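Please open the model in your viewer and keep the selection tool at hand. The stops below say what to select next and what is there.

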Amino acid sequence: RCVQETGGINAEYMGYYNYNNFKNHIQMSRYDSAITVFSPGGNLMQVEYAMEAVKRGLCAVGVRGKDCLILGVEKKIVTKLQESRTIRKILPVDDHICMAFSGLNADARVISFFARRECQSYRLNYDVDPPVEYIARYIASIQTRYTQKGGVRPFGISNLIIGFDSEELPRLYQTDPSGACTEWKANAIGRNSQQVREFLEKNFTVGLSEQEALKLVTRALLEIVESGNKNIELVVLRKGQYKEIPHEDVATLVKVIEEEAAK
């Protein structure tokens, strides 16, 4: 039998190779069409795709200080005709809890609604503020629920949830589309999160003051934000006090950091 050779590669082999690729593609498409079906590699493909949506979202950073918590986010560039106040990446959940997210804005709106409603329900039933760990795990349970039944899709967001526990100690939690919930001292989510996390690992120390924690979050965001303070939003959470840092103060903080780096 005659076998045609093209560029030194056996054409019969190439046909077999292309057929196998096509076959594997068809097989994989069976697994990513249903949320509840595991692939041969042990993955839920729709959850993997939701994770990818998070990786493409704007970066968010959280740091736990001695008696405060700091959230910083990379803000989306808006057009001249768009109201910037309608683009929110940090959402208050309760008097002592707030969250930042990376991923789909619409999904964050739904998750924050569930979290706020649960805070009100907990306070109504027990007459005390809900612990931040309880709310973080509640959000994670909702995200898990949307990976275990057909007719829905996973939430395409990861969250950084900050707040104070029953002993008034600061806590920082992360949830992801799979429903995993973990506690951190400092963390980053979204695009270039690995780079920012490595920066935090090198520079974070336990017991940071409020000013030191603000500087650390700002420096971490400046590692990836191209337009400097124009696209950085910062929030400080103290015991019973939620405060958004004004843009002028962010600009001053960035200027101080740049002067210190130039020395």
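Begin by selecting Arg-153 and Asp-107, which form a salt bridge whose closest N and O atoms are 2.9 Å apart; a salt bridge here is a side-chain nitrogen of Lys or Arg within 4 Å of a carboxyl oxygen of Asp or Glu. This is a predicted model, in which local features need pLDDT of at least 70 and side-chain atom pairs count only at pLDDT 80 or more, while totals for chains, interfaces and linings use all residues. Residues are numbered from 1 along each chain as its sequence is written, and side-chain values use heavy atoms, with hydrogens and water left out.

The pair links distant parts of the chain, 46 residues apart, since Arg-153 sits in the loop between helix 4 (132–145) and strand 7 (157–164), and Asp-107 belongs to helix 3 (residues 105–126). Helices (H or I, at least four residues) and strands (E, at least two) are DSSP runs, numbered from the N terminus. Are these two residues buried or exposed, or in between? Arg-153 is partly exposed, with a relative accessible area of 46%, whereas Asp-107 counts as buried at 6%; buried means under 20% relative accessible area, exposed over 50%, and partly exposed in between (1.4 Å probe, protein chains only).

The structure holds 13 salt bridges, and another to select joins Glu-260 and Lys-215, with the closest N and O atoms 2.8 Å apart. Here Glu-260 lies in helix 7 (residues 247–262) and Lys-215 in helix 6 (residues 210–222), 45 residues apart in the chain. Glu-260 counts as partly exposed at 42% relative accessibility, and Lys-215 counts as partly exposed at 23%. Next, select Arg-64, Asp-165, Arg-171 and Glu-183 together, which salt bridges with shared partners join into one network.

Now move to strand 11 (232–238). Seven of its seven residues are buried, so strand 11 is largely enclosed by the rest of the structure.

Which strands pair with strand 11? Strand 4 (residues 69–74) pairs with strand 11 in the antiparallel sense over six bridges, and strand 12 also pairs with strand 11 in the antiparallel sense, over four bridges; strands pair if DSSP finds at least two bridges between them. To follow the pairing residue by residue, select Glu-74, whose bridge partner in strand 11 is Ile-232, and then Leu-237, whose bridge partner in strand 12 is Tyr-242. The hairpin of strand 11 and strand 12 has two residues between the strands, and there Gly-240 takes a positive phi near 75°.

For the last stop, select Val-61, Val-63, Val-196, Leu-200 and Leu-234, the residues with the most contacts inside the largest nonpolar core, which has 28 residues. A nonpolar core is a set of buried Ala, Val, Leu, Ile, Met, Phe, Trp, Tyr and Cys residues joined through side-chain atoms within 4.5 Å. Helix 6 gives the most to this core, with six residues. Leaving aside its neighbours within four places in sequence, Val-196 is in contact (heavy atoms within 4.5 Å) with Cys-59, Val-61, Ala-188, Ala-220 and Ile-224. Apart from this core lies another, of 22 residues, among them Leu-91, Phe-114, Val-132 and Tyr-138.
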